[in-house]
Amino acid sequence: MAAINSRECIEGLSMYFKRDYRHDNTVFRGDFEAEVIQKRTIIQKERIHLRFKAYEHERISALAYSMDCSVSLAATMLLIAGIRNRDVSTQMVDSEVISLLDPGRLKSLKMIQKYISRLNDEHISLFSLISYVALK
């Protein structure tokens, strides 16, 4: 889960920390007066089933403990933060797209990406490149 590795996502959730939370080399201080997460305003009436690896579940559990909420609510908040963060969502989609491509197409796509990046002098994700090609 890319969002739990993103400092921006964790900083966005830090307003809910009631206990200290350690992210890499940073300790976010908790505040017992921090805003309480209102589950009813965040979660819709649909369910989603996810499976996490053991180490990811431990990290989400630590996040839930610091936010004083359930693990499922912490995972929901983390997913929302990841979707809203453009870099994290692009990274997730890129990794999924890369796993679907055969090596020849992936090599061609990376060559096109390098060429366009040289022309524009900016980073273009594989996702945006594929979206552009698909729309043409």
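This note reviews the confidence, the nonpolar core and the aromatic contacts of a predicted model.

1. Confidence. The protein chain has a mean pLDDT of 79, with 78% of its residues at 70 or more. Among its elements, α3 has the highest mean pLDDT (93), whereas helix α7 (residues 126–135) has the lowest (54).

2. Nonpolar core. The largest nonpolar core holds 23 residues, of which Phe-17, Leu-63, Met-67 and Leu-78 touch the most other members. Two or more residues each come from α1 (7–13), α3 (54–67) and α4 (71–84). The element that contributes the most is α4, with six residues.

3. Contacts of Met-67. Leaving aside residues up to four places away in sequence, Met-67 touches Tyr-16, Phe-17, Lys-18, Ile-37 and Met-77.

4. Aromatic pairs. The model contains two aromatic pairs. In one of them, Phe-17 and Tyr-21 have ring centres 5.3 Å apart and planes at 50°, so the pair is tilted. Phe-17 counts as buried because its relative accessibility is 1%, under the 20% cut-off. Tyr-21 is also buried, with a relative accessible area of 5%. In the pair of Phe-17 and Phe-28, the ring centres lie 6.0 Å apart and the planes meet at 75°, so this pair is edge-to-face. The latter pair links distant parts of the chain, 11 residues apart: Phe-17 lies in the loop between α1 and β1 (21–23), and Phe-28 in strand β2 (residues 26–28). Phe-28, like Phe-17, is buried. Together, Phe-17, Tyr-21 and Phe-28 form one aromatic cluster.

5. Charge over a ring. The charged end of Arg-19 is placed over the ring of Tyr-65, at 4.2 Å from the ring centre.

Technical notes:
Residues are numbered from 1 along each chain as its sequence is written. This is a predicted model: local features need pLDDT of at least 70, side-chain atom pairs count only at pLDDT 80 or more; totals for chains, interfaces and linings use all residues. Side-chain values use heavy atoms; hydrogens and water are left out. A nonpolar core is a set of buried Ala, Val, Leu, Ile, Met, Phe, Trp, Tyr and Cys residues joined through side-chain atoms within 4.5 Å. Buried means under 20% relative accessible area, exposed over 50%, partly exposed in between (1.4 Å probe, protein chains only). Helices (H or I, at least four residues) and strands (E, at least two) are DSSP runs, numbered from the N terminus. Contact means heavy atoms within 4.5 Å. pLDDT is the predictor's confidence in each residue, from 0 to 100. Rings of Phe, Tyr and Trp (its six-membered ring) pair if their centres lie within 6.5 Å; planes under 30 degrees apart count as stacked, over 60 as edge-to-face and the rest as tilted. A charge sits over a ring if NZ of Lys or CZ of Arg is within 6 Å of the ring centre and within 35 degrees of the ring normal.
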